[in-house]
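Dear colleague,

I am handing over the structure below for your records.

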Amino acid sequence: MRSRTLALIVAVVAAIATTGPAVADRSVQRGLTLSADVAQVAVTPVPCAKQGFELRFGNTGKTAVYADAFLEAATPLTLSRNLVSSYLPPGYTLKVRIDVNAPRGTAPGKYAISIKAGDQKLTLPVEVGEAPVDTTGNLARYVPVTASSEHLPLYPACGAVDGDRDSEHWAKTTGWNDSTRGNFPDWLQVTFDQPQTVGRVDLYTLNSKQYPAAKYGLKDWDVQTQVDGSWQTVAQVRNNTAPLVSTTFTPVTATAIRVLALASNEGLTYSRIVELEAYQ
Amino acid sequence: MTEDLRPAVRLARRRFLTLTGAATAVAFGTNLPGTAIGTGGSGGLTGNPFTLGVASGDPLPDAVVIWTRLAPKPYEPLGGAPYKEVRVEWQVATDEHFRRIVRSGRATARPEFAHSVHVDVRGLEAGRHYWYRFRVDRYLSPTGRTRTAPAPGQRGGQFTLGVSSCQSWPDGYYTAQRHLANEDVDAVVFLGDYVYEYGIAAAGGLRNVTTPVPNQFRTEADTLDRYRLQYALYKSDPDLQAAHQNAPWITTWDDHEVQDNYAGTVSKSNAPVEDFLVRRANAYRAYWEHLPLRGPAPQGPNYLLYRRFTFGRVAELSVLDTRQYRSDQAAGDGWKVDSDARRDPARVLAGQQQTQWFLQGLNRSRATWNVLANQVIMSRMDLDPTPVDLYNMDAWDGYGAEQKVMQDGLAANRHRNPVVLTGDVHAGYALDMKRDFADPDSQTYGVEIVPTSFSSGGNGVPVSANGQKFLDGNPHLKFVDERRGYSVLRFDNSQLRVDYKVVPYVDKPGAPVSTVRSFVVEAGNPGLEER
């Protein structure tokens, strides 16, 4: 029987492979390289803008390493990632897409992103331009969009408010497809910066030569508006087979609109919206 | 920020570090407000670092791996920990109150390994429960319960496994894991797809969360930092943590720990091999960092994951890796009719080395039950009920030559009671493995148990249209249920009992669990008998 006199147990069994530096004062990694595919990043300060750069993170050393590149952007810019860690074989250069975004209202002008890895540092200039203005009256353009789920990377929610109604561009990030096959409801929502008067919602569902609306488009959905913090259903569409359904209703002052997708003409699969537009 | 170390506290800490056994229990036990033991060697951690829970795994008769990862802010770069080594103390006791501590020590959490801690605790007694915990200065981890394997050669007794696979986080709540945490199992076998590589929407898919999933989760996992984030999200789930806390896990991977349906060095998008192997290296490293596996950690794109466990004379468990070594899927993947490519002997799934390792082990085994932890369906599975055959090119059917080697090997060892456990398909299946799958009267040499998925696939249905096609086209398929859950397998010298457990929904928390079907297999008489 074991007693309490197990004081001599030498059970410090740190099974972690001793590949890292053995001392706390670790030396700075050398032989790493940092560069970008552009000399300057142009940024438009709206949600969903597709912009950024390709980080090139290389190892010129003779042995494989695991290395980290730390990225920081000037406020209020945001990066799709602030750390890139990777295995880097000798002579290998990793290429990683980094998205750069700025919130609406960001002052146009010059900003910078700084990247550090080992003893290397790269400063990448950023030029923030003017925010575009929608001239068609579509309230869903250039405002934040969210969804119950997104089939990434090819079918993001942003694709449903990008101004592209063409179903032939399907599967090229210009339309939204949820990622929960067979499960309904799904939803897609745009949120306004300030309350807007809305009396019409246009929904373009998938309708290409290969994927006609009557077979693959959205069949049943509710149009909902958020008024004074609570959601209300303002219209119900059922048994749709058309590529475009324009829903009009008594105008409300809404902070957000939402399409609650209930069924697809394909059956128990996915919700697919090529473009969602909202008007007064 | 490093907190100041008060002199009295420093003294207390020194006492802690120099004492072991019962005295150590006292030191851990004083972890109460106002009696904090202070910092020092903590690397300047601020905030509770045990946000991802604790785990144990790979039990041997005298050893088990205990695991944790320090991540005060799990969704931040480096888990919110400083880029420094951090000292972690650990204890293993024979009781949950740590009155009788039998092993203790210190480990180093290194930033190169995401501050994960893997301690291979040796010198334990066979076939008994232990409790374990970690400490970093004043932060004490939750307590985990684990269990060593029965002594080699031990006859008699019962051995119980909980088995499942495929736990896509955005596909639903981990209700099944919560129920598994309440089962009295000796170990959990996880058959792959522990994480999915896909980007995750702010609403968290079917979970429809009120706190948005942060922006850094939108992109697909490809680099090491990004795979680590995915594990951090999954392992933050309290239900998954509870399942790990209850029993040791024995895990293998399938495709989604790297990328959907990858095959060896071939990616789904046919990326240059050089690039894909870097991705694979990143994914393999993150996998090791987050699971209770023995060292050494993977270095680069290769990692030996297949391994074997013996549970007395009752059962032996061989854990396969059918992703790392496989040839590209035939005929462009998907469900395809029969073809020469499907049966090409040059194409492998497990690979010759692993296949021979398995079959030689099976030949030498002295255990009553010989269990295979496998990813994709090994029995013939025809999706077309008409005379036309339609096979899954990603499963063993898509690698017909090696499938035959395995099936022949199992059939030759029919007296060793082969039991194949399979994941991948997000469905509960029970199959008799037949000498000739086209002839229901031919000899049955083993059983294949597919215990369904924990969450992948969402709520699911009892039997879908495809599920019915499988039933119609495969007379050796005895049961289909396409809801979420797990199976409990109870082995003893004379029989194996399998309970299929499912929850009615996972898009909301709190579903009850029920046993929807049970089978018994008699030792020496392979084949499923419904009970």
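Please note that this is a predicted model.

I begin with a pair of strands in chain A. Strand β4 (residues 65–73) of chain A and strand β8 (residues 109–117) of chain A run antiparallel and are joined by four bridges. Within this pairing, Phe70(A) has Lys116(A) in β8(A) as its bridge partner. Both strands belong to an open sheet of five strands in chain A, ordered β2-β9-β8-β4-β6, in which the pairing is mixed. At its edges lie β2 (41–43) and β6 (83–88) of chain A, each of which pairs on one side only. On average, neighbouring strands of the sheet are turned by 25 degrees against each other, direction ignored.

Two helices of chain B meet this sheet. Helix α4 (residues 224–235) of chain B packs on it and touches β4 and β6 of chain A, with a direction at about 115 degrees to that of β6(A). Helix α6 (residues 273–290) of chain B also lies across β4 and β6 of chain A, and runs at about 110 degrees to β6(A).

Chain B contains a helix pair that deserves a separate note. Helix α8 (residues 352–364) of chain B packs against helix α9 (residues 400–412) of chain B at an angle of about 5 degrees, and their axes are 10 Å apart. Angles under 35 degrees count as roughly parallel, so α8(B) and α9(B) are roughly parallel to each other. On the α8(B) side the contact involves Gln352(B), Thr355(B), Phe358(B), Leu359(B) and Leu362(B), which meet Glu402(B), Val405(B), Met406(B), Gly409(B) and Leu410(B) in α9(B). By class, this contact has six nonpolar residues, three polar and one charged.

Further along chain B, strand β22 (residues 495–503) is mostly covered, with seven of its nine residues buried. Strand β21 (residues 477–491) of chain B pairs with β22(B) in the antiparallel sense over eight bridges, and the two form a hairpin with three residues between them. One bridge here links Gly485(B) to Val502(B) in β22(B). Eight bridges also join β22(B) to strand β23 (residues 514–522) of chain B, again antiparallel; Lys501(B) stands opposite Thr515(B) in β23(B).

Finally, Ala81(B) is found in the loop between β2 (63–69) and β3 (86–93) of chain B. Is Ala81(B) buried or exposed? Its relative accessible area is 7%, under the 20% cut-off, and Ala81(B) is therefore buried. Beyond its neighbours within four places in sequence, Ala81(B) is in contact with Leu45(B), Leu70(B), Pro72(B) and His115(B).

With kind regards

Technical notes:
Residues are numbered from 1 along each chain as its sequence is written. Chains are lettered from A and ligands numbered from 1 in the order in which they are written. This is a predicted model: local features need pLDDT of at least 70, side-chain atom pairs count only at pLDDT 80 or more; totals for chains, interfaces and linings use all residues. Side-chain values use heavy atoms; hydrogens and water are left out. Axes are lines fitted to C-alpha atoms, for helices over the stretch in contact, and angles run from 0 to 180 degrees between N-to-C directions. Angles under 35 degrees count as roughly parallel, over 145 as roughly antiparallel, 65 to 115 as roughly perpendicular and the rest as oblique. Contact means heavy atoms within 4.5 Å. Ala, Val, Leu, Ile, Met, Phe, Trp, Tyr, Cys and Pro count as nonpolar, Asp, Glu, Lys and Arg as charged, and the others, Gly among them, as polar. Buried means under 20% relative accessible area, exposed over 50%, partly exposed in between (1.4 Å probe, protein chains only). Two strands pair if DSSP finds at least two bridges between them.
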